[in-house]
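Please walk through the structure shown below, beginning at a contact between two chains and then turning to the inside of one of them.

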Amino acid sequence: MKNPFLDFQSVPCRKKEIPLERIVRARKEIMDRLSEGYLRLVEEEVKDLVWLVEHSHVVRTYSAAVSAIQDLQYDQDDIEEFCAELDNANAFPYMISGPAGIYLSALINNAAEEHILLRLSEYERTFHFLGYRLPEGKTLVLQGNLGDFIGAGLCGGRLMVEGTAGNWCGAGMTGGEILVTGYTGQKTGEWMRGGEIHVDGPIGGFGRARFGGKIYQRGKLVVPHESE
Amino acid sequence: MIEEKRNNDLRKVVWELYAYIQDNLYLNRPDMQIKGREFNSALLMSLLTGLCEGKELIIGEPGLGKTTSAEYVCALLYRFPLGTIWGSEVSGHPEQTEEKIIGRPDLGKLNKGEEVVVWSHFALLPVKIVDEINRLPETKQSMILDGVDRGNWEYLNAAIINEEYCLFATANYQDRGTNTIVAPLIDRFDVMVESKHPGANLAYFIGGHGSNGVRLRSEELEAEFHSVLSENIPYPVRMKRLDELCDRFGEWLEAQEGIRTLSVADRREIRSSKRSLPFDLDFNAFLRFVVSELSFCHHFGQKRSNEACDAGCHFTGYLCNAVRNCVSNRFPISARNFSQALAWLLGDEEVDLEHLKAVLPFTLAHRTQWKEEVVAQREKEQRSDPLEIYMAKQAVKEMHRRYMEQAGEVKNALAVACRIVEGESMRPVEGDHPIYWEIRRDLGEEVTEV
Amino acid sequence: MSRDLDEILKQVWPRVRKKHLFPELPNPEMGGGESSVGLDIRAKKIFISREFVSEMSPALDTEKVIEGLLDHAVSHYLSCPWDFATHLKLYAKAKDVLKNKDMALKATDYFMDVVADTHCVSRKDTPIPKIYGSAKKGGALDEAIHALYQRIWGLDLGVKGYEEISRKLSRIPYLDRNTWQESIRRFSKAVKFLLEMEEDLGGTDGQSPMGSHSLQQYSSQELEEGLKDLALEVGTPYEFKKIVQDFEDEILQATQAGGEAMGLGPGQGLDADTIYYMKLAENYLLPIRKLPMEKSGSLYPHHHTPWEVGKPYQEIDPWTSFGKIMPGITQTWQRFEGEVFGKGEGTPDCIILIDSSGSMTDPKQHLSHAVLGAGCASDAYLRNDAQVAVYNFSDARSGGQKILSYSRSRKMIYRTLCHYFGGGTRLLVEKIDGLQTDKVPDIFLITDMQITNLENLIQYFNDCKNRVTAVHIGDNKHVKNFRSAMALRKNVEIYAVEKKEDIPRIVLGKVKDYLYSPGS
């Protein structure tokens, strides 16, 4: 058959590429993989679109999240953009807050950077479980008003919340530091075993079952109380 | 070098002719700009039609110079006195017959039982003018189809083939006395232009001294032309004698009016150097791009005038969704031919996108059947062209803009396709525009998903 | 010097046009203007600042400066914003994030610059980066954008710092037109703090060296087309108004010539609601009626066919047969019944009765299909040279009515249609009667039928000769009454609409029946 394209034989096939195209391509690849990992996690861990906050369940979800992101090269910009994707109703058909927060925490804990800042103040959705198991040597700054279980299971990291945190802030933390500039909700420090929580605003209530650690309000130690 | 000089000289003659007609015979305003030069589209297209043996349909209000502009161009480009041209014109009316258009039996011979055809001047002359073609009933339009297409005229058992010819047909806008021009015939026209009103100030001069074409008449020569045309001699001999007369008329024009004109050899030379002008890659890619938009249908495989595409088709933004018919194979031929002629006239070394862009609306206007709803959107818009030409101009603008945006990708897709056909293992470039889909089809891919 | 610049521009422009594949733009001109800004585009014409070019000249060859500025301007035309509707939509997204007109304008300008320049740099050889490298930087945001260019073009433009912001901005897919809406949202979010900082420091006056993008760059035809596209794309008149009202002055100024079509007029503000429905209805235009063809009833000799032995003699044409009866020579006339143009019957005028009571959709807040349907009908009559009268009613007794006598002013008709009373529903049939003429106009009634004095209307329709199309939304006992009362009237047709979106389709269908079917 006649080659109807022969006139274009001399046109070089490779076109000029600027760094933008590489950056965008790389970013898209990472975002696709992050999304894929998240959707797999949701499929595996969330049955009937219900996810119960139960210690063993949380642990299992976190492990699954960590294995989903293994070998993935990403940075804090990717994490921040993934937050935006989670916030965007079109990007994901359903966002279940618990696993989403745990997945984000797994990303944060396994990121190369030691200091991570996430601007979450303009998102419509509320993120829970951020800072879950934040390890020693990591600093996480969260801007905006957050949901429940912020800094849960914190193990040595430094979590700064420039905004408010919901209930069960610092639940089950074993070490490290949580600083909240706004208020925290009920059961702050429930099942706490070590570390410190500093709250600049009001505290809705303290967890009753505590096994260690300290809670400060406006610089003043409030838990354990001197009388305890 | 000599060739280039000769070419420039011929070009100069054509420019002189353009200027002479514009200044003296066909007074009209410029209405288009190409590479910084202003032109009157009707005059420019007529000139190109004459130069490249094309076929032009001239529309317009009665009395706005449709026929006369064609007559002037023919007289000066082909060296025929105006009287001879008038004698060869076919005028469209319902009673027109094959005998008046093509030829008739020689009655004297017929009575002696011999079958000899007397050819009409229309069939014999290389310049053919059909006045008010849309007043010819459709069956009679078909009668001139073959002749118009190939220069091939048949009557009884005799036939002649014109070696060189061009056709100008005029049409009024539709009124009580007009028929539609049959689709196969209209498609055979390379271009359609409108002969516009020149405006009050130029109109004031029309018909005044020196502007009525009397200068292009020589009664003596016209009589000689008539006698050669009426003689019963073999066609090639007759044409040779006509050429001699044409040259004499050319000399007469130069002596009387100081106008240089073109001989048969000159026209042949022009056509040959026009044909040798290469098309640049953007011309090539853009023409494919245009054809793809006007012929592609994802749903039915190609456009067909009896199949309407669905509402909500993915390709809604492209022209394939706005037109009813499929563009014919004659369209790219016209576009290439006229673009080359324009490039030659402008003295350019390559035929480029701007030549194509200038020519496209006139090659598309009569060939495109728009959907009713598309016409409804446009018909009341402010414009200076008749609706068909205006819509074609808008369509070309739209496609051109789309092309400018993705020219690199289109050329790359075509280059990749070339390599694939040559056996390289590559993936065809995917894109939204119909051209990418057409490329993939040519590469044998079953393209069904959107 | 100034003469030289004109000459240089004349030489450079054809080159730039060829490079960009001959865009449909008029010849550019050297102009005055500010020295800090290189370009001004008005109605697609590019004006280059002499001062800017002179100031840049020591650092960069004059030809290069002019070429770069032209590349920039042409790229805007070719890539972003592409058209007026896209420009407005980008602005709307930026405004959503930034909540401030000036800041949104500036963010939109910068976003469009990044897209256009990147488009050009990625595809053509252009001195644009050299201009950015040599031009004075406008402020923090301008520097940040220069840092972004450095990163995404891979060139050194001499900017230090702005690492984080440029890194974030560089992740946006500027060259992907399909994601521009999301991209400008991300872009605006990222530059918000810089815009706020500039605002705190005294406003957002600083601009890109290439200039800002006013709506004057569009021709009035582009503005009209853009508004039409925008009306189709935004969900509600409220959204349309929100976007358009920010540009009231610019649109009014740019469209002074086409005032009537735009629904504008001297001394009047921009009536965004009216324009919304006018533009939206333009997407549903019906073609202008053509004169009908009719059989003339008489046969006429149409064309010749060869005579064959056995065919009757009476149709033989002796003239073309040269007096011979001989197959192959003899020809017969084939007769056809002639077709002539029928008498183009005048289009009747039209009365539109539109209900704007509280139970109907407020056309200013949400898309009212009743108003759109009424608009489509009036457009069809107007396009066919008829006139339209409007009776907009709510509680007519207490002043809730608006009457427009026969008019061909589209603007006035739409204004009357768009008026919303929102009260009870009671109409005065004498007012409708007042609109009757000898030409017997067609009547379109669009209502939800919860008319308290429906019996008066029924009585009126029973007596009138007009062709009446009643489109009602929903079903209730009034509807049943109306239907049973009108059951025998052939000139009254009633359409029940469950989905309001069907109104324009039904109305147009009826108009087609009235005006376009044979014998209409």
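Which side chains meet in a salt bridge with 3.1 Å from N to O? They are those of C:Glu24 and B:Lys357, where a salt bridge is a side-chain nitrogen of Lys or Arg within 4 Å of a carboxyl oxygen of Asp or Glu. The model is predicted, so that local features need pLDDT of at least 70 and side-chain atom pairs count only at pLDDT 80 or more, while totals for chains, interfaces and linings use all residues. Residues are numbered from 1 along each chain as its sequence is written, chains are lettered from A and ligands numbered from 1 in the order in which they are written, and side-chain values use heavy atoms, with hydrogens and water left out.

Across the interface of chain B and chain C the rule finds five salt bridges, and also 13 residue pairs in polar contact, both residues being at pLDDT 80 or more; a polar contact is a pair of N or O atoms within 3.5 Å, and within protein one must be able to donate a hydrogen and the other to accept it, residues adjacent in sequence counting only if both atoms are side-chain atoms. On the side of chain B that touches chain C, α19(B) gives the most, with eleven residues, helices being DSSP runs of H or I with at least four residues and strands runs of E with at least two, numbered from the N terminus. By class, this side of chain B has 13 nonpolar, seven polar and 20 charged residues, where Ala, Val, Leu, Ile, Met, Phe, Trp, Tyr, Cys and Pro count as nonpolar, Asp, Glu, Lys and Arg as charged, and the others, Gly among them, as polar.

The contact (heavy atoms within 4.5 Å) takes 40 residues from chain B and 39 residues from chain C. About 3500 Å² is buried between the two chains, with carbon and sulfur atoms giving 53%; buried area is the accessible area (1.4 Å probe) that two parts lose on being put together, summed over both.

Within chain B, the domain assignment, which is automatic or from a database, gives domain 1 (2-275) and domain 2 (281-442), whose centres, taken over C-alpha atoms, are separated by 31 Å. Between these domains of chain B about 2900 Å² is buried, 64% of it from carbon and sulfur atoms, and the rule finds six salt bridges across their interface. In a salt bridge of B:Arg330 with B:Asp187, the closest N and O atoms are 2.8 Å apart.
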